[in-house]
Amino acid sequence: MDELKLYTYIAVFGSFAMYFAIAWWARAGSTKEFYVAGGGIGPLQNGMAIAADWMSAASFISMAGLIAFLGYGGSVFLMGWTGGYVILAMCLAPYMRKHGKFTVPEFIGDRYYSKGARIVAVACLIIASLTYIIGQMKGVGVAFSRFLEVDYGLGLGIGMGVVWVYAVLGGMKGITYTQIAQYCVLIFAYTIPAVFISMQLTGNPIPQLGLGSTLSDGSGMYLLDKLDLVVTELGFKEYTTGQLGNNANMIAYTLSLMIGTAGLPHVIMRFFTVPSVKAARSSAGYALVFIALLYTVAPAVGAMARLNLMSTIEPAAGENLVYAERPQWFKDWEKTGLLKFEDKNGDGKIQYTADKASNEMVKVDRDIMVLANPAIANLPNWVIALVAAGGLAAALSTAAGLLLAISSSVSHDLMKGVFMPDLSEKNELLAGRVVMTIAILVSGYLGLNPPGFAAGTVALAFGLAAASIFPALMMGIFSRKVSGVAAVWGMCSGIGITMLYVFMHKGIMFIPGTSFLGGMDPNWFFGISPNAFGVIGAVVNFAVAFAVTKVTGPAPVEIQQMVDNFRTPAGGVSAAHDH
Amino acid sequence: MVKDNSSYWQDNLRIIMTCLIIWFVVSYGFGLVLVEPLNAIKLGGYKLGFWFAQQGSIVTFVALVFWYSYKMNQLDKKYGVEE
């Protein structure tokens, strides 16, 4: 066994052993522990757990890779995913904590005084979360296929098994503590290679500053200027200005990711685990600090990875790399099928250009960039091993959090809350675990043919959450009037129109061949890509709900009093049933 | 009591609005809509619009959430509604 493999096994198995040990040590006994960890976790720890929960395979493995190839256009992910936190922290988290329930559908069911609203919320939650898990599964599959040197499909299967053991046994309590451990692993794994590479290229050890510095190769040129020059020479879009679609698409995309972030149930659920409203506010702040650490490094990782990739393939203009002399990382990634070379002009050299006809790098999966990055930069083997462990930590923690959100909404909201109110605690837990298992199987199957790169798939999930759950929560808190029937109509029409648009372009439940408009850009509404459409769905949701409220009349007085009650951290207005 | 609560809520909304305006300006304003004119200005090797889109907006968001938390805790004390 070579050195790299040995280190990778140590890093991956070592970190896994730690997660399992923590999950076992803190395993859940009661339902309250299973869902919200008994409600007694401090803001700093909770902030870390939220950050790990939230920063998924999409953030860790996929995002910097997308930025590497999109350049400025990749900013939508950076601003969208962090900006959503601002909305979450100010507009949702404190009030939902005050209301004090286990799940998001439960809140919606209470506020809209309707079991129907609760069921619709469960359905929306499942659709959005499943789509999100597909993105995670893609990331897990990529990471396992590389480090075990197997085919992507087999890597995915192994990943499913690991996620199952881990999420099904743990419940929320195990997950909260393991997620703190996972945050530490993933942030080290992400920043250490970035520091090394930033040092190599610019001499500045802080990646955020390195990205704005001059190159240390003696040319005195700024790194970003050099990158612009290199990519435009080969016909690609200029790195620092190239847009993602058009300006309208970028704005819609960012907004869709932002409000989707705020509407994703597995993140909101986290705020039920803090002891007070005050702690809910500060948890969001700490979470964003921990998230920002990774998110401000990501643009540096992306830009530097792109520059390194370009200069590996074409060390000097016109002197292309000879295929037979390709480095080891190139060969390793070829085995996974995620990197492919085709010698179109038969000269034995690699030409990588923007022109489809002459480009010989026929497949460069964006999702491999972060994992391949340390090897491309010739970093020591232990750093490469660390990145593999970090990527898996990111994917696992998010998949586990999402599975918990799905299982709690089915077992707690649907079965216990609506259909079988006399379900025992023990059976509720069992039902939750069965639901998790089914969700893993479904998402694994769909992950075999994901609708895009991990970050793109996740963006779809955010769009779906943005169109359904986010508006219902916002109206529930900021309007005392919106009625239950109106909320149901709003959620159904919002998610309905978004799913219609997405499935038209990406296939029904993303199954290839079932798309009837194809992924064709000309069919896009105002040039807005399916990933960015959630914001239109949200607008529809708001409009329908307000219109229907005009017809049905406002919510009853006791509901309005309930709203007043959760708007204040303590005391204030007493709930209707206390009178 | 009711009047007190509604003015608490109004103050709360004012804090949120202030934050959201800044939130909007740094991301959509500087990062997306005004990116081209701002790119004419350089911050080290960064074009300024590009910097806002990939660094500056995120840093501002962090500051905003902490400021919000601080202001809200003050507000809770003022109205005597802290837990």
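1. The model is predicted, and the backbone at A:Tyr113 has a positive phi of about 35 degrees although the residue is not a glycine. A:Tyr113 sits in the loop between helix H6 (104-111) and helix H7 (115-147) of chain A. For context, most residues other than glycine have a negative phi.

2. A:Asn378 is another non-glycine residue with a positive phi, near 60 degrees. Its place is the loop between helix H15 (369-376) and H16 of chain A. With 13 other C-beta atoms within 10 Å, A:Asn378 is partly exposed.

3. A positive phi also occurs at A:Gly235, near 90 degrees, in a glycine that follows H10(A). Within H10(A), the buried residues are A:Leu223, A:Leu224, A:Lys226, A:Leu227, A:Asp228 and A:Val231. The list includes A:Lys226 and A:Asp228, both of a class counted as charged.

4. How do H1 and H16 of chain A pack? Helix H1 (residues 3-25) and helix H16 (residues 381-419) meet at an angle of about 35 degrees, and their axes are 8 Å apart. The crossing of H1(A) and H16(A) is right-handed. On the H1(A) side the contact is made by A:Glu3, A:Leu4, A:Tyr7, A:Thr8, A:Ile10, A:Ala11, A:Val12 and A:Ser15. H16(A) contributes A:Asn381, A:Trp382, A:Ile384, A:Ala385, A:Leu386, A:Ala388, A:Ala389, A:Leu392 and A:Ala393. By class, the residues of this contact are 13 nonpolar, three polar and one charged. As for the spacing along each helix, an α-helix has 3.6 residues a turn, so residues three or four places apart point the same way.

5. A:Ile384 is found in helix H16 of chain A. It counts as buried, with 22 C-beta neighbours inside 10 Å. Leaving aside neighbours within four places in sequence, A:Ile384 is in contact with A:Leu4, A:Pro374, A:Ala375 and A:Leu379. The C-alpha atoms of A:Ile384 and A:Gly456 are separated by 25 Å, and these residues are 72 apart along the chain.

6. H11(A) and helix H20 (residues 534-552) of chain A pack at an angle of about 65 degrees, with 7 Å between their axes. A:Ala252, A:Leu255, A:Ser256, A:Ile259 and A:Gly260 in H11(A) meet A:Gly534, A:Val535 and A:Ala538 in H20(A). The classes here are five nonpolar, three polar and no charged residues.

7. Which residues have the most contacts inside the largest nonpolar core? They are A:Ala121, A:Leu186, A:Ile291 and A:Ala388, in a core of 217 residues. Not counting residues up to four places away in sequence, A:Leu186 touches A:Ala52, A:Met55, A:Phe60, A:Gly390, A:Ala393 and A:Ala394.

8. A:Val162 lies in helix H8 (residues 152-202) of chain A. With 18 C-beta neighbours inside 10 Å, A:Val162 counts as partly exposed. From A:Val162 to A:Ala292 the C-alpha distance is 28 Å, across 130 residues of sequence.

9. The contact between the chains takes 46 residues from chain A and 36 residues from chain B. Elements giving two or more residues to the chain A side are helix H5 (75-99), helix H10 (223-233), helix H11 (247-263), helix H13 (277-313) and helix H21 (557-567). The largest share, twelve residues, comes from H13(A). By class, the chain A side has 23 nonpolar, 18 polar and five charged residues.

10. Chain B has three helices and two strands, in the order α-α-β-β-α along the sequence. What is the radius of gyration of chain B? The value is 17 Å, whereas a compact globule of 83 residues would be near 12 Å. Along the principal axes, the C-alpha atoms of chain B fill a box of roughly 55 × 20 × 15 Å. Buried residues make up 40% of the 83. Of the contacts in chain B with a separation of 6 or more, 51% join residues 24 or more positions apart.

Definitions and conventions
Residues numbered from 1 in each chain as written. Chains lettered and ligands numbered in written order. Predicted model: local features only at pLDDT ≥ 70, side-chain atom pairs only at ≥ 80, totals over all residues. Core = buried A, V, L, I, M, F, W, Y, C linked by C-beta atoms within 7 Å. Buried ≥ 20, exposed ≤ 12 C-beta atoms within 10 Å, placed from the backbone. Contact = placed C-beta atoms within 7 Å. Axes fitted to C-alpha atoms, helices over the stretch in contact; angles between N-to-C directions. Helix = DSSP H or I, 4+ residues; strand = E, 2+ residues; numbered from the N terminus. Left-handed = near helix turned anticlockwise from the far one by under 90°. Rg over C-alpha atoms; globule rule 2.2 N^0.38 Å.
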